[in-house]
There are 4 protein chains.
Amino acid sequence: MSSNLFQEILLSNASKLSVKQERIVEAAIQLFAEKGYSNTSTAEIAKAAEVSEASIFKQYGTKEKLLLHLIVPRVKEFFPVMAEEVIGSIVRTNSSLEGFLRAFLQNRVQFALENKDILRVLIKELVYKEEIKKEILPYLADVAASRLLPVIELFQERGELAQLPPRTVMRMLFTFIGGFFASRFVLLNQDHVTNEEIEDAVRFMLDGIRNPSSD
Amino acid sequence: MSSNLFQEILLSNASKLSVKQERIVEAAIQLFAEKGYSNTSTAEIAKAAEVSEASIFKQYGTKEKLLLHLIVPRVKEFFPVMAEEVIGSIVRTNSSLEGFLRAFLQNRVQFALENKDILRVLIKELVYKEEIKKEILPYLADVAASRLLPVIELFQERGELAQLPPRTVMRMLFTFIGGFFASRFVLLNQDHVTNEEIEDAVRFMLDGIRNPSSD
Amino acid sequence: MSSNLFQEILLSNASKLSVKQERIVEAAIQLFAEKGYSNTSTAEIAKAAEVSEASIFKQYGTKEKLLLHLIVPRVKEFFPVMAEEVIGSIVRTNSSLEGFLRAFLQNRVQFALENKDILRVLIKELVYKEEIKKEILPYLADVAASRLLPVIELFQERGELAQLPPRTVMRMLFTFIGGFFASRFVLLNQDHVTNEEIEDAVRFMLDGIRNPSSD
Amino acid sequence: MSSNLFQEILLSNASKLSVKQERIVEAAIQLFAEKGYSNTSTAEIAKAAEVSEASIFKQYGTKEKLLLHLIVPRVKEFFPVMAEEVIGSIVRTNSSLEGFLRAFLQNRVQFALENKDILRVLIKELVYKEEIKKEILPYLADVAASRLLPVIELFQERGELAQLPPRTVMRMLFTFIGGFFASRFVLLNQDHVTNEEIEDAVRFMLDGIRNPSSD
DNA sequence: TATGAATGAGAATTCATTCAT
DNA sequence: AATGAATGAATTCTCATTCAT
């Protein structure tokens, strides 16, 4: 029943939100980020947004649709943008693999910090809610793969990247980057990420932990 | 209020469970693993376990205590064991860093597959439930650090491991391994892990993705 | 935790109640009066009031708050009024001690009969529920003392009242009048009080049981 | 269904209680006295008595029977004794009305203090529980009347007591004494009663509050 | 005699949702 | 467009009671 909700909302062009609707969205994001969708009642959202519960339902129909209305537009905005703005531009500037990874991570961390709450909601519900997972995970995987694989292949052609199957490289990067975002923003609830941390991460992705001079 | 629950249960020696009580535990683990603690009602658990709801509460007092009674003993069992059995033994056999990582990952993946549901519960609630996170995460971090840091230092002395701050190495490994377990067992809900996957992971942790011959 | 409930409700100006809300109040008073707060379920109240249980909780939050919302406004109304309307006016008309006691008792009995159920609730819970006792008894004692002591002193000045410590007189009167109301309206559940009973009571308060001509 | 319970227990000769049974009785009396029968669970009693809940039910069948087993034997012991020991003896010693009232009140206050908890239970449940009231109140009234009326008539013959209908005198005394006990031991939960208080009460019962020299 | 284990029937409370105004 | 009022269906938890051992 909810399997088409994601598509629906994905394709719909979000109309401008009124002041009250904006308040609902903000309150919901914040509460969902903190306590999770399942542990947040519509009454709490209404109170935090200073609107009536009825208004929420008038606007969004069900609590689940509200969740999707929060997540989907940001997901749409998050990953596709990754393609053009981030990857494309960087690659064309003939940057090194290291430069690319650094810029990519910096850029996405920046974005995550600016959208921290919605990211927390996304990660939490991706882990917790089967419906969300089933709807969004394949989409994320597809989009991300279509953006990242060409880059990986490009760097392999340039000889900067180990000759592993591109999908293997991608999987490793996703595993690490996913772990990075989940641990920093959800588990540790960090409000900022130091340059050092980013450098460590870039270094790890590039070279791992082995002492290169050990033979 | 619940901050002592963890300690309490951690220190308590679980008494033997009757058949019905065993059924409660199994049903709860399975349901929590699938739908999450917050989306599982005690009525569902009772039905799945074929006991009365009252029996659950007689035994565990509250739903939250039930959750902790599922998680805590396994967490106790999971990590400390890591020290002696896994790390210790492996290190003493003078194995290489690569051998250690491979054995470690194989061993923990094996353990995870044997305790998949409880691991899923743990990861889900670690991400979702503030109380669980606050109680268990520091404990996990402590135990894990006390086990892993000596190993890291050992391999650094042997010159096999890059001369990075041990805590940095540890953080990177946790990030990756955490991402590995969370993605495989929670997001993808895999029932097995191929050798290839493990080899890829070991390779990535050791050497990253850079082409070593690129200079 | 409930110690501020009384104050809260005491100070709050009850808003107008809808028809259904009025029905809740009536049903609750009647049931609490008959069976006591602790032996009345919210389901029973809902059924008697022909509303849903949810409506009760939407309106009052908890069962205990409902109880206080029944009691407090009436207590407020009951005793202060005693001051101006009853005592004040009577005293100023230069009535005798006997006339005062008679009028006072008649007036309060009249009031009690008109508010019999709520009085029964009050007395029952005053006796039974520590929280109610702790919150309301001191308030009742204060208000009553502040009204009655001046009257006692006035009649002592006039020489109509025995030269006993005013507080002693007050305590005796409270003991007797409290016993009178509790026995008549709670124990015996009387629906009316005869003039004869009032006269007997007035006589007893004034002169006790001793034969005055016995010396 | 419970209307014969009282008679049953009243007529049964209580057998000696075992140690555990004694503990049950003590725990129940104390808890009922504090929180009331309706707000005390059998689980609490079992815990306080350090026996199993099953033992309580084995012994007493139902919670209500337990209550009656606590109350009835003491009520039996309380009032009949009043006849012989208290009233009879005092009257025959040709004591004055004042002496009688003083001795009576002193004696019953003493008894009440020695059995404070059971008295609190009795008063609370008399006020709160219809079944208890219906069963015990008539019995109390009967016994008390049969003891007190002869005394009243005796003092009237001696001319010490006002020439009022004996039942009227009795009712006034009950009202006052009931109010005295209820307020001191239940509402105020006093642990002792001063001589002064007793003197004040005796004085009030005898002479009321009127200034005798006012004519 | 004593009790550990189990439970059916309720209890208070919460929740997402509807609808008339 | 917004909401106050209302609720059916759960939800967590409690309770007196039973019974096999």
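Colleague: How many aromatic pairs does a search of the whole structure find?

Modeller: In this predicted model, a search over all chains finds 32 aromatic pairs.

Colleague: What makes C:Phe100 and C:Phe155 an aromatic pair, and why is the pair called tilted?

Modeller: The ring centres of C:Phe100 and C:Phe155 are 5.6 Å apart, and the cut-off for a pair is 6.5 Å, so the two rings count as a pair. The angle between their planes is 40°. Stacked requires under 30 degrees and edge-to-face over 60, therefore the pair is tilted.

Colleague: Which parts of chain C does this pair tie together?

Modeller: C:Phe100 belongs to helix α6 (residues 97-114) and C:Phe155 to helix α8 (residues 130-157), so the pair links parts of chain C that are 55 residues apart in sequence. Both C:Phe100 and C:Phe155 are buried.

Colleague: Which residues form one aromatic cluster with A:Phe176?

Modeller: The cluster has members from chain A and chain B, including A:Phe180, A:Phe204, B:Phe176 and B:Phe204.

Colleague: How many residues of chain B are in contact with chain A?

Modeller: There are 49 residues of chain B in contact with 49 residues of chain A. Between them the two chains bury about 4,400 Å², and 60% of this area is on carbon and sulfur atoms. Of the area that chain B buries against chain A, 19% comes from B:Tyr128, B:Ile209 and B:Arg210, more than from any other three residues.

Colleague: Why is the link of B:Glu98 with A:Arg210 called a salt bridge?

Modeller: The closest N and O atoms of B:Glu98 and A:Arg210 are 3.6 Å apart. The limit is 4 Å between a side-chain nitrogen of Lys or Arg and a carboxyl oxygen of Asp or Glu, so the pair qualifies as a salt bridge. The count between chain B and chain A is six salt bridges. Across this interface there are also 28 residue pairs in polar contact.

Colleague: Which helix gives the most to the side of chain B that touches chain A?

Modeller: Helix α9(B) gives the most, with 13 residues. By class, this side of chain B has 23 nonpolar, 11 polar and 15 charged residues.

Colleague: Why does B:Ile29 count as buried?

Modeller: The relative accessibility of B:Ile29 is 11%. Buried means under 20%, so B:Ile29 counts as buried. B:Ile29 is placed in helix α2 of chain B. Leaving out residues up to four places away in sequence, B:Ile29 touches B:Leu70, B:Arg74, B:Asp117, B:Ile118 and B:Val121. B:Ile29 and B:Ile118 are 89 residues apart in sequence, with their C-alpha atoms 6.0 Å apart in space.

Colleague: How many helices and strands does chain A have?

Modeller: Chain A comes to 10 helices and zero strands. Of its 215 residues, 53% count as buried.

Colleague: How do you know that A:Thr40 counts as buried?

Modeller: A:Thr40 has 2% relative accessibility. This value is set against the limit of under 20%, so A:Thr40 counts as buried. A:Thr40 lies in the loop between α2 (19-35) and α3 (42-49) of chain A.

Colleague: What does the side chain of A:Thr40 reach, and why does this count as a polar contact?

Modeller: The side chain of A:Thr40 reaches the backbone oxygen of A:Gly36 at 2.8 Å. Not counting residues up to four places away in sequence, A:Thr40 touches A:Leu31, A:Phe32, A:Lys35, A:Ile45 and A:Lys63.

Terms used
Residues numbered from 1 in each chain as written. Chains lettered and ligands numbered in written order. Predicted model: local features only at pLDDT ≥ 70, side-chain atom pairs only at ≥ 80, totals over all residues. Heavy atoms only, no water. Contact = heavy atoms within 4.5 Å. Buried area = accessible area lost by both parts, 1.4 Å probe. Polar contact = N/O pair within 3.5 Å; in protein donor to acceptor, adjacent residues only side chain to side chain. Helix = DSSP H or I, 4+ residues; strand = E, 2+ residues; numbered from the N terminus. Nonpolar A, V, L, I, M, F, W, Y, C, P; charged D, E, K, R; others polar. Phe/Tyr/Trp six-rings, centres within 6.5 Å; stacked < 30°, edge-to-face > 60°. Buried < 20%, exposed > 50% of the residue type's maximum accessible area, 1.4 Å probe, protein only.
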